[in-house]
Amino acid sequence: MILSVRSRAAAVLAVAALLGPVATQAAAQPATAPAKALAAPDIPVSSVKAHLTQLQSIATANGGNRAHGRPGYLASVNYLRAKLDAAGFTTSLQTFTASGATGYNLIADWPGGDPNQVLMAGAHLDSTTSGPGINDNGTGSAAVLETALAVSRAQLKPEKHLRFGWWGAEELGLLGSRAYVNSLSTAQRATFAGYLNFDMIGSPNPGYFVYDDDPTIEKTFKDYYAGLGVATEPDRVGDGRSDHASFKNAGIPVGGLFTGAGERKTAAQAQKWGGTSGQSFDRCYHSSCDTTANVNDTALDRNSDALAHAVWTLGAPTAR
């Protein structure tokens with residue numbers, strides 16, 4: 001027998017009256033909804049590409065590159081820092097010396113969150129001397145920047161303390177990130193809940209690779225891509241070759257994304273992801289043609305959104 005809404009409500013209150021005031025109160029109170037993770041905002045790929053255009057212009061005005069020790073690198077740092085300062089971040093520059101030149105790491109902290117639970121996202125900002133370095137690694141740098149700006153726009157109040165970093169002299173052997181990690185005390189290293197790395201996330205013939213390091217971080221990215229219906233593969237090539245290695249070697253949990261470099265896409269990968277088999281993921285890897293024309297918008301869009309999803313999922317509070 002199906003009772004009407006009014007009849008069901010009357011029956012509940014009648015039973016509750018027989019059981020006493022506690023039951024009556026419980027019957028009148030709705031059940032508490034389960035906690036849900038806050039959804040990350042969409043990161044507009046047009047905004048990420050606007051940062052790439054600026055990095056390209058900086059390289060063009062400074063000898064065609066943004067390499068360590070060259071004026072284009074410091075100009076890139078200053079561009080990012082101005083955006084972050086205006087958005088309410090506390091920024092700092094860490095200096096180090098490499099190959100006889102001063103290097104710079106840019107660090108940006110968002111106010112609030114548990115200082116004993118630091119979630120950091122980062123990317124190397126330098127290029128090689130051979131080109132502007134737009135895919136490698138303007139893409140990662142721009143996506144981390146735009147995610148940080150999205151945190152500001154949302155006025156996010158995270159549970160974990162959110163920190164963002166852009167590394168110098170990665171192309172000389174992870175020197176900037178190593179200098180940063182080496183500057184941390186043992187106690188400071190112990191506060192890190194995780195470090196997320198983004199190096200080359202818009203390759204023109206892209207693959208979708210997820211670092212297979214910390215299981216929780218890896219699952220966060222894989223679940224996101226599963227929701228898009230996009231298959232992923234473990235990143236075997238980049239392990240140890242980008243800045244996450246500096247953190248991993250210090251015992252900090254790491255994870256990240258990668259779309260491939262000079263390695264060739266297999267036929268099976270082309271069938272899975274599209275693109276051209278037998279061709280490099282990035283034919284302009286470490287070359288002068290690594291310009292704004294050397295970016296796959298779909299890959300950049302997906303990875304930028306995945307980055308924000310990880311920051312919100314791993315670092316933000318829950319909502320009811």
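## Buried aromatic pairs

A residue is called buried when its relative accessible area is under 20%. In this predicted model, Tyr 208 and Trp 273 are both buried. The ring centres of Tyr 208 and Trp 273 lie 6.1 Å apart with the planes at 70°, so the pair is edge-to-face. The pair joins distant parts of the chain: Tyr 208 sits in the loop between S6 and strand S7 (209-210), and Trp 273 belongs to helix H10 (residues 267-273), 65 residues apart.

Tyr 208 and Trp 273 are also members of one aromatic cluster, whose other members are Phe 209, Tyr 224, Tyr 225, Phe 258 and Phe 281. The face of Trp 273 has a charged neighbour as well: Lys 272 lies over it, at 5.0 Å from the ring centre.

The count for the structure comes to 15 aromatic pairs. One of them is formed by Trp 167 and Tyr 195, a tilted pair with 6.4 Å from centre to centre and 55° between the planes. This pair, too, links distant parts of the chain, with Trp 167 in strand S5 (residues 160-167) and Tyr 195 in strand S6 (residues 192-198), 28 residues apart. Trp 167 counts as buried because its relative accessible area is 0%. Tyr 195 is buried as well, with a relative accessible area of 0%.

In soluble globular proteins, nonpolar side chains tend to be buried together. Here the largest nonpolar core has 62 residues, and Phe 164, Trp 166, Leu 196 and Phe 198 have the most contacts inside it. Another core, of 12 residues, lies apart from the largest one; among its residues are Val 118, Met 120, Val 181 and Leu 184.

Asp 235 is found in the loop between strand S8 (233-234) and helix H9 (244-248). Asp 235 is buried yet has no salt bridge. The nearest side chain of opposite charge is that of Arg 241, 7.6 Å away, whereas a salt bridge needs the nitrogen and the carboxyl oxygen within 4 Å.

Apart from neighbours within four places in sequence, the residues in contact with Asp 235 are Phe 209, Val 210, Tyr 211, Asp 212 and Phe 258. Of these, Phe 209 and Phe 258 also belong to the aromatic cluster of Tyr 208 and Trp 273.

## Salt bridges

Side chains of opposite charge can pair when their charged atoms come close. The structure holds nine salt bridges. In one of them, Lys 49 meets Asp 297 with the closest N and O atoms 2.9 Å apart. Lys 49 lies in helix H3 (residues 45-61) and Asp 297 in helix H11 (residues 297-315), 248 residues apart, and the pair links distant parts of the chain. Lys 49 counts as partly exposed at 32% relative accessibility, and Asp 297 does at 34%.

Lys 248 and Asp 213 form a salt bridge with an N to O distance of 2.6 Å. Lys 248 is in helix H9, while Asp 213 is in the loop between S7 and helix H8 (215-228), 35 residues apart. Lys 248 is partly exposed, at 36% relative accessibility. A further salt bridge, between Lys 219 and Asp 223, has an N to O distance of 2.6 Å. Lys 219 and Asp 223 are separated by about one helical turn, because they are four residues apart in helix H8. Asp 223 is partly exposed, at 41% relative accessibility.

Note on methods. Residues numbered from 1 in each chain as written. Predicted model: local features only at pLDDT ≥ 70, side-chain atom pairs only at ≥ 80, totals over all residues. Heavy atoms only, no water. Phe/Tyr/Trp six-rings, centres within 6.5 Å; stacked < 30°, edge-to-face > 60°. Helix = DSSP H or I, 4+ residues; strand = E, 2+ residues; numbered from the N terminus. Buried < 20%, exposed > 50% of the residue type's maximum accessible area, 1.4 Å probe, protein only. Lys NZ or Arg CZ within 6 Å of the ring centre and 35° of its normal. Lys, Arg positive; Asp, Glu negative; His and termini not counted. Contact = heavy atoms within 4.5 Å. Core = buried A, V, L, I, M, F, W, Y, C linked by side-chain atoms within 4.5 Å.
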